[in-house]
Structure formats: structure tokens, C-alpha cells
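Q: I have a model open and would like to talk it through before I set anything up. Could you take me from the overall fold down to single side chains?

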Amino acid sequence: MKLPFMIDLKDKVAVVTGGGGVLCSTFAEAIAKTGAKVAVLDLNGEAADKVADAIIADGGTAMGISANVLEKESLENAKKIINDKWGTVDILLNGAGGNNPKGSTTKDYFDPKDLDDEEIKTFFDLDPKGVEFVFNLNFLGTLLPTQVFAHDLIGKADASIINISSMNAFTPLTRIPAYSGAKAAISNFTQWLAVHFSKVGIRVNAIAPGFFLTQQNRGLLLDENGNYTERSKKILSQTPMDRFGEKEELIGTLLWLLSKDASGFVNGVVVPVDGGFSAYSGV
């Protein structure tokens, strides 16, 4: 991996949750390139180990840890492993999150005729447990790791928390009310945390990616032949740059937010990286 510019985080200890995923593995690799030691946390321990192994093979320092962001005991165990091996944590990137079909509708708009169609999930068919899962995974999956790891950040000269929001936090996307609401909560929580921790030296900011092809959304954005779906075409029609983002295009924003020299007075912001999606009115 080639970084767009270099910052020096040598000897810093970073934790990346959801680190086995497409975007967060890229974040972990980028942070490792700055000289930091990176703990890659993921519910899937094999995925975490794979990312850590790739970082080590590239000359970095990393370890993979299986951890559940919805279980505080699991996170405490991960913290003990990190502290015992590397010392206290300096950087926390809360990347774990995601959606669930049980918190989504089938169609963009409600039609009363759909109430009699068992194949169509309307707003009235949303599963409360599915909605709860999405909110928990995204919001509690950010709150709990912060409760556990932020203890180490208190009073440090250059401590930083980065949360991962989304474009649907600004304006909700159709079909995914639970995920949109959960990401809006992340943006709000980022601002709250930035104020709450402002007197103890911890900066808290968020990145809001636009549309990037990942394993999670590939089936939604590409058909079985690898062509854009109608949903993709709709997204791209609202994206002035007329393409999906490349995961490497998030790295510059991440490094800027992590660098005290570059962004030391930046606190409580949610930065869109979206190809102009949030700026376009559709007209």
C-alpha cells in the first residue's frame, strides 16, 4: 500500500474494530504504514488474523484478535492482550457496523396493495429484533469499545478516536431505515463524545464514506453478471463524480484526522468522502 502522504505514528498503539472488513482492513493497513502497532479486532478471528498477517508481511506490526463489539467482557479481554504486549492504546477506530435485511423494506415507497403480498416487506413488516440488531451493532458497537479503550487515551498528548458514519446519516436512504437511523446516531455520538472528552486531550471525529463497493453491498450494487443494478444507477445519478469510491480514497482523510500536526484543532466533525453526493441537489 502506498500512502498519499506520510504522518509519523511510530510507537503508537491503534485498535481497529471491524478490522477484517474491506474498508477497515484498508484503514488498519494504512495506520500500520505510519509506524503504529495495530490491533485488528473482528468477530471473525480468521479474518482479523489474515489482515494482521498481511500487515506483518508488509513490514508492519500487528496482531489479530477475535472480539465481539457487543460484549464488554470480550472487549476487556482484547484490551488486556493488547496492554500486556504493547502497552496502552493511543488510537481507536470504531469500524464495526453493518445492516441487516430484517431492518430494511423491499421497496422505496409504500403502496397499500403491498400489504397483501407476502413477498414484499413493507414498513409495517419490519422486524423489531432486526431493527434492534442494526442499532446495537452500529451504536452500541461504537459505544462499548469506546468505554473500554478510551480509558487508555485519557490525558495523552495525541489521542484520537475515529468513528465511521455514513452518507445516510445526513439524509436517510430509501429501504434502510434502521441503518440510516443508526448511522445518524453515530454522527451525533461523535459530536457528543468530542465535547465530553475535550478536557482530557481526546479528539473524536468521524468519516462518512459515500458509496464504495464492499462485500456487504456487492449483491445490492452489482447483478450476477457484474453489471450495475438499478439501485447502483440511481446512486450514480446522484453522485457528480459518476462512480463508486475506491477504498484507498478514504486513507487521506483518515491520516489527516489522526495527525495532530495536521488537524490538532479539528474535533467533533463528520467528514464526507462521497464524490459530491452530499453536495448535489439532484437538479
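Q: To start, how many helices and strands does the protein have?
A: This is a predicted model, and in it the protein has nine helices and seven strands. The radius of gyration is 19 Å, close to the 19 Å that the globule rule gives for 283 residues, so the protein is as compact as a globular protein of that length.

Q: And what does the C-alpha trace span along its principal axes?
A: The C-alpha trace spans about 60 × 40 × 40 Å along those axes. Of the 283 residues, 50% count as buried, and the protein exposes about 13900 Å², with carbon and sulfur atoms supplying 54% of that area.

Q: What about contacts, what share join residues at least 24 apart?
A: If you take the contacts between residues at least 6 apart in sequence, 72% of them join residues at least 24 apart.

Q: Let's go to helix 1. Why is it called largely enclosed?
A: Nine of the 12 residues of helix 1 are buried, so the rest of the structure largely encloses this helix. The buried ones are Leu 23, Cys 24, Ser 25, Thr 26, Phe 27, Ala 28, Ala 30, Ile 31 and Ala 32.

Q: Which elements do those buried residues pack against?
A: They pack against strand 1 (13-17), strand 2 (37-42), helix 2 (45-57), strand 4, strand 5 (159-164) and helix 8 (251-258). As for its geometry, helix 1 covers residues 22-33 and reaches 17 Å from its first C-alpha to its last, close to the 16 Å expected at 1.5 Å a residue. Just after helix 1, Gly 35 takes a positive phi of about 105°.

Q: You mentioned helix 8 there; how many of its residues are buried?
A: Six of the eight residues of helix 8 are buried, leaving the helix mostly covered. These are Ile 251, Thr 253, Leu 254, Leu 255, Leu 257 and Leu 258, and what covers them includes helix 1, strand 4, strand 5, strand 6 (202-209), helix 9 (260-263) and strand 7 (270-273).

Q: Changing topic to charges: how many salt bridges does the count come to?
A: The count comes to 13 salt bridges. One of them joins Asp 84 to Lys 80, with the closest N and O atoms 2.8 Å apart, and both residues lie in helix 3 (residues 72-86), four residues apart, about one turn of the helix.

Q: Why would a spacing like that put residues on one side of a helix?
A: An α-helix has 3.6 residues a turn, so residues three or four places apart point the same way. In this case Asp 84 is exposed, at 56% relative accessible area, and Lys 80 is also exposed, at 52%.

Q: Which residues are linked in a network of salt bridges?
A: The network links Asp 108, Arg 175, Arg 231 and Lys 234. Arg 175 is found in the loop between strand 5 and helix 5 (177-196), where its phi is near 80°, a positive value in a residue other than glycine. Its relative accessible area is 28%, which makes Arg 175 partly exposed.

Q: Where is Asp 242, and what is its phi?
A: Asp 242 is found in the loop between helix 7 and helix 8, and its phi is near 60°, again a positive value in a residue other than glycine. Asp 242 is exposed, with a relative accessible area of 55%.

Q: Last one: which residues form the nonpolar patch on the surface?
A: Phe 110, Leu 115, Phe 123 and Phe 124 form it, with about 480 Å² of accessible area together. Phe 110 is found in the loop between strand 4 (91-94) and helix 4 (128-153), and at 46% relative accessibility Phe 110 counts as partly exposed.

Terms used: Residues numbered from 1 in each chain as written. Predicted model: local features only at pLDDT ≥ 70, side-chain atom pairs only at ≥ 80, totals over all residues. Heavy atoms only, no water. Patch = residues over 30% accessible without salt bridge, like charges linked within 9 Å, V, L, I, M, F, W, Y side chains within 5 Å. Areas by Shrake-Rupley, 256 points an atom, 1.4 Å probe, with all protein chains shown as cover. Salt bridge = Lys/Arg side-chain N within 4 Å of Asp/Glu carboxyl O. Helix = DSSP H or I, 4+ residues; strand = E, 2+ residues; numbered from the N terminus. Buried < 20%, exposed > 50% of the residue type's maximum accessible area, 1.4 Å probe, protein only. Expected span 1.5 Å × (residues − 1). Contact = heavy atoms within 4.5 Å. Rg over C-alpha atoms; globule rule 2.2 N^0.38 Å.
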